[in-house]
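I opened this model to look up its metal sites and its charged pairs. My notes are below the structure.

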Amino acid sequence: MKLKYLGTAAAEGIPALFCRCEMCAYARKAGGKEIRRRAGALLDGTLKLDFGPDSYWQMISENLDYTDIHAVLITHSHEDHLEPCDVTYRRPGFANKLDGDRPMTVYGNGKVMQVLEKYSVGPWQNKKQLQAFETVEIEGYQVTPLEAVHCLSWEPDARWPVVFENRAYLRGEEAFIYLIEKDGKKLLYAHDTDELTPADMDYLAGKKIDLISLDCTNGVIQAEYIGHMGAADNLRMREKLLACGAADAHTIFVANHFSHNGAAPMAELQKQLPGFIVAYDGMEIEF
Ligand SMILES: [Zn+2]
Ligand SMILES: [Zn+2]
Ligand SMILES: [Zn+2]
């Protein structure tokens, strides 16, 4: 498998749209790997993970041809992960010479389906709802959505319980992380989420995953809220994944999805994340 990171920031990007914080000022000045687009990745050039507002910029900068992509896995409906309007530009009048081509299918949870419902769907584009812990075959990959500790909600319509630190919480939508397998290779793409639930850990135990990409939104700070991780959480998560055999000595760990509120320059992040590769836009890992 070859995983290419197309966007490695949280919702506002780095530098953020409207921000004078030190990290954003530094990123503007330093450029290069300190500039981070909104979330997204590409597996083997064929499976797109999330389709956020920077998908267009990702396409231009990384010289991609999205007409080659027939499957998009959406983790959850947050704006940095799903730009529903852009997805629909794969339709006649906006896209040409796709006659006879297979449709592109967008996979995700019920909320993602609801968001896409508002936009036209036709033979050029499908959508398909996935269920947590139910493996489906997509473009030759075995894809299993697992539960993310994310989108916690205290609204009356909140459902989808998840367990975090021995307590159950409800979520406003069924956010997913994904286990993706093909030809004996395994990728765990865990954005956005806090530390994984007991159900996830049970499912992943013994899997000896080849690459585990963990949410590191909070970077070098310790944040109190539930829904994302930082460097310290990533280190703890790594130990737990190694202890249950979800990972072993050969597993590549990547920290990804950084917010300007917790991010530090690359070198500092790397110092705080021993045993991890710190993701940057355009980074490609073959495993
Ligand atoms: Zn996000
Ligand atoms: Zn900032
Ligand atoms: Zn999110």
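The entries go from the ground rules to the zinc sites and then to the salt bridges.

**Ground rules.** I am working from a predicted model, in which local features need pLDDT of at least 70 and side-chain atom pairs count only at pLDDT 80 or more, while totals for chains, interfaces and linings use all residues. Residues are numbered from 1 along each chain as its sequence is written, chains are lettered from A and ligands numbered from 1 in the order in which they are written, and side-chain values use heavy atoms, with hydrogens and water left out.

**Zinc ion (ligand 2).** I looked up the protein donors, meaning N, O and S atoms within 2.8 Å of the metal (3.2 Å for Na, K and Ca); water is not among the atoms, so sites may look incomplete. They are C19 (SG), C21 (SG), C24 (SG) and H260 (ND1), at 2.1 to 2.3 Å from the zinc ion (ligand 2). I then checked the geometry: the four donor atoms subtend angles of 103 to 117°, so the arrangement is tetrahedral. Four donors get that label if all angles lie between 85 and 135 degrees; four count as square planar and six as octahedral if opposite donors are over 155 degrees apart and all others between 65 and 115, and anything else is irregular. The spacing along the sequence is C-x1-C-x2-C-x235-H. C24 sits in helix 1 (residues 22-30) and H260 in the loop between strand 14 (252-256) and helix 7 (266-272), 236 residues apart. I take helices (H or I, at least four residues) and strands (E, at least two) as DSSP runs, numbered from the N terminus. Both C24 and H260 are buried; buried means under 20% relative accessible area, exposed over 50%, and partly exposed in between (1.4 Å probe, protein chains only).

**Zinc ion (ligand 3).** Here I found H76 (NE2), H78 (ND1), H150 (NE2) and D192 (OD) as protein donors, 2.1 to 2.4 Å from the ion. This site is irregular, with angles of 93 to 169° among the four donor atoms. D192 also bridges to the zinc ion (ligand 1), and the two ions, ligand 3 and ligand 1, lie 3.6 Å apart.

**D192.** Which side chains does D192 make a polar contact with? I found H150 at 3.3 Å and H257 at 3.0 Å, a polar contact being a pair of N or O atoms within 3.5 Å; within protein, one must be able to donate a hydrogen and the other to accept it, and residues adjacent in sequence count only if both atoms are side-chain atoms. D192 has no salt bridge, and the nearest side chain of opposite charge, R38, is 12 Å away. For charge, Lys and Arg count as positive and Asp and Glu as negative; His and the chain ends are not counted.

**Salt bridges.** I count a side-chain nitrogen of Lys or Arg within 4 Å of a carboxyl oxygen of Asp or Glu. The search of the whole structure gave 13. One of them joins K4 and E284 at 3.9 Å, N to O. K4 is in strand 1 (residues 2-7) and E284 in strand 16 (residues 284-286), so the pair ties together parts 280 residues apart in sequence. K4 is buried at 15%, whereas E284 is partly exposed at 44%. I also noted that K4, R37, E62, D281 and E284 are linked in a network of salt bridges.
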